[in-house]
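Work through the exercises below with the model in view. Try each task before reading its solution.

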Amino acid sequence: TLDRSSAASDVYKRQINTYPNSTKLNDAYEFLVAVYFTTKNYKAALESLENIKKLDPQLQEAYQKIAHYRGVELFNNQNYASAIVHFDKSDKYPILGDLKIKNTFWKAEANYRLDAYSDAIALYKKVIYEPNAISYSFYNEAHYNLGYSYFKLKEYDNAQSWFRKYIQNDKTGKSKTKNDALNRIGAVSYTHLRAHETRGNL
């Protein structure tokens, strides 16, 4: 139970504080990582991992996962800059390929929300051009978000191109997102038409 886990972690934390030079220090930290991971306390789990002097492959994989989950947690709390830092931490040990591509997508999302549209574009493209990228649920979402990133930069031709690619890939039928992409394509076409008419009247 949660209470037992908390009590056990308190014992190990006291052991660490009492015997900071113990040869079994890493064992204590590994136990804390397991407890914190089970209770989804990713911040504390990551801190424990960072106190271990040398991570074996199993702990490196745990670090990759926990840093990723902590990044998602920070993202959901709208702490986008810190989320990016943690996705980069997760990439320090690129053991699981699927987490690496997920980190890239989340970093793109975070940069978009920070109005860093050029950085978001580079990261979304990195996702799309990854091998097997099409198998991920966010593959087509990256196309849609690329369209919006270019739209925000007023690069309307590029925006229209990526919105069209999103619609071509979309297999869901009618959806709010698809309708929005169609509206954006229409808005870009109208902007071009108005610009053409304005030039013609000069």
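**Exercise 1. Describe how helix α3 packs against helix α4.**

Solution. This is a predicted model.
- Start with the axes. Helix α3 spans residues 42-50 and helix α4 spans residues 57-76. Their axes come within 9 Å and cross at roughly 145 degrees.
- Next, take the handedness. The crossing of α3 past α4 is left-handed.
- Now list the partners. From α3, the contact uses Y42, K43, A45, L46, L49 and E50. From α4, L59, A62, Y63, I66, A67, Y69, R70 and E73 take part.
- Finally, sort them by class. The contact holds 10 nonpolar residues, four charged and no polar.

**Exercise 2. Find what lines the largest pocket.**

Solution.
- Begin with volume. The largest pocket holds about 200 Å³ of space.
- Then name the lining: E30, V33, A34, F37, D56, Q58, L59, E61, A62, K65 and I66.
- Assign elements. Both α2 (25-38) and α4 give two or more residues to this lining. The largest share, six residues, belongs to α4.
- Count classes. The lining has six nonpolar, four charged and one polar residue.
- Link back to Exercise 1. L59, A62 and I66 of α4 contribute to the contact with α3, and L59, A62 and I66 also line the largest pocket.

**Exercise 3. Summarise the protein chain: which elements does it have, and how much of it is buried?**

Solution.
- Count elements. The chain has 10 helices and zero strands.
- Check burial. Of its 202 residues, 40% count as buried, with buried meaning under 20% relative accessible area.
- Look at sequence range. Take contacts between residues at least 6 apart in sequence: 46% join residues at least 24 apart.

How values were computed:
Residues numbered from 1 in each chain as written. Predicted model: local features only at pLDDT ≥ 70, side-chain atom pairs only at ≥ 80, totals over all residues. Heavy atoms only, no water. Axes fitted to C-alpha atoms, helices over the stretch in contact; angles between N-to-C directions. Helix = DSSP H or I, 4+ residues; strand = E, 2+ residues; numbered from the N terminus. Left-handed = near helix turned anticlockwise from the far one by under 90°. Contact = heavy atoms within 4.5 Å. Nonpolar A, V, L, I, M, F, W, Y, C, P; charged D, E, K, R; others polar. 1 Å grid on protein atoms, 1.4 Å probe; cavity = no way out; pocket = protein on both sides within 12 Å on 5 of 7 lines; lining within 4 Å. Points joined across faces, edges and corners; volume = space filled by probe spheres on them. Buried < 20%, exposed > 50% of the residue type's maximum accessible area, 1.4 Å probe, protein only.
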